[in-house]
Amino acid sequence: MPHWGRGAGSGDWYDGFPLPDDASALIIGDVIGHDAQAAVTMSQLRNMLRALACDRQDPPSDILRRLDLISDTLYPGHVASCIHARLEASRHGRWHLHFSNAGHPPPLLVERDGDTSYLDDSHVLLLGVDTAQSRSDHEEILAPAATLLLCTDGLIERPGENVEDRLHRLREDAAAHARESLSIFCDEILADFGT
């Protein structure tokens, strides 16, 4: 069963909500900047993305393309990363994940047995860079009791530390807590990686 929240600091945001066709939308993003303007832009992008996702049953890549065009027209000069995903119940207790990534850290899939993998290591340009850029969709079937971890760069980037090393560490840490409850899993990740 999906579990999500809403909010974050500065230009970071995450969101989850039901869609009219019984799927659920999962969104995470980060507007470049750490000031009030980044927070305002984050709010505008979040609301536009909510409206686009609810209004259309298009693939996530097309929703992000539309968001990029609208944002470039109404709020030019802002750059953001974002993952937009549709999560649908599948057969045999599995979930079907269909997502597009615009320059955001990749989702981490954590299986119940501790196997881990980053999804989509070929993400495309950030939003606000090139509205003509084509965007791709990715699909994954999630096994029962699997955990999908979406995070912003604030979790994995630290001054003086290699990002690839931090991503590797996050993967190992998540694997070590794969059998924990969701609340303990999140607490342990934040304890190890939080500021």
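Start by selecting Asp58, which is partly exposed, with a relative accessibility of 22%. The model in your viewer is predicted, and residues are numbered from 1 along the chain.

Next, move to Arg166 and Glu161. These two residues form a salt bridge, and their closest N and O atoms are 3.6 Å apart. Is Arg166 buried or exposed? Arg166 is buried, at 5% relative accessibility. The cut-off used here for buried is under 20%. Glu161, at 39%, counts as partly exposed.

Then select Arg86 and Glu88. Here too there is a salt bridge, and the closest N and O atoms lie 3.4 Å apart. Arg86 is buried because its relative accessibility is 9%, while Glu88 is partly exposed at 27%. How many salt bridges does the count come to? The count comes to 11 salt bridges.

Leave the charged pairs and turn to the nonpolar residues. Select Trp13, Val31, Leu45, Leu49, Leu67 and Cys82. They belong to the largest nonpolar core, which has 21 residues, and they are the ones with the most contacts inside it. To see where this core comes from, colour five elements: strand β1 (12-18), strand β2 (24-31), helix α1 (36-55), helix α2 (60-74) and strand β3 (80-89). Each of the five supplies at least two residues of the core. Which element gives the most to this core? The answer is α1, with 7 residues.

For the last stop, select helix α5, which covers residues 182-193. Asp187 lies in this helix. Together, Glu180, Asp187, Glu188 and Asp192 form a negative surface patch.

Technical notes:
Predicted model: local features only at pLDDT ≥ 70, side-chain atom pairs only at ≥ 80, totals over all residues. Heavy atoms only, no water. Patch = residues over 30% accessible without salt bridge, like charges linked within 9 Å, V, L, I, M, F, W, Y side chains within 5 Å. Areas by Shrake-Rupley, 256 points an atom, 1.4 Å probe, with all protein chains shown as cover. Salt bridge = Lys/Arg side-chain N within 4 Å of Asp/Glu carboxyl O. Lys, Arg positive; Asp, Glu negative; His and termini not counted. Charge placed at Lys NZ, Arg CZ, Asp CG, Glu CD. Helix = DSSP H or I, 4+ residues; strand = E, 2+ residues; numbered from the N terminus. Core = buried A, V, L, I, M, F, W, Y, C linked by side-chain atoms within 4.5 Å. Buried < 20%, exposed > 50% of the residue type's maximum accessible area, 1.4 Å probe, protein only.
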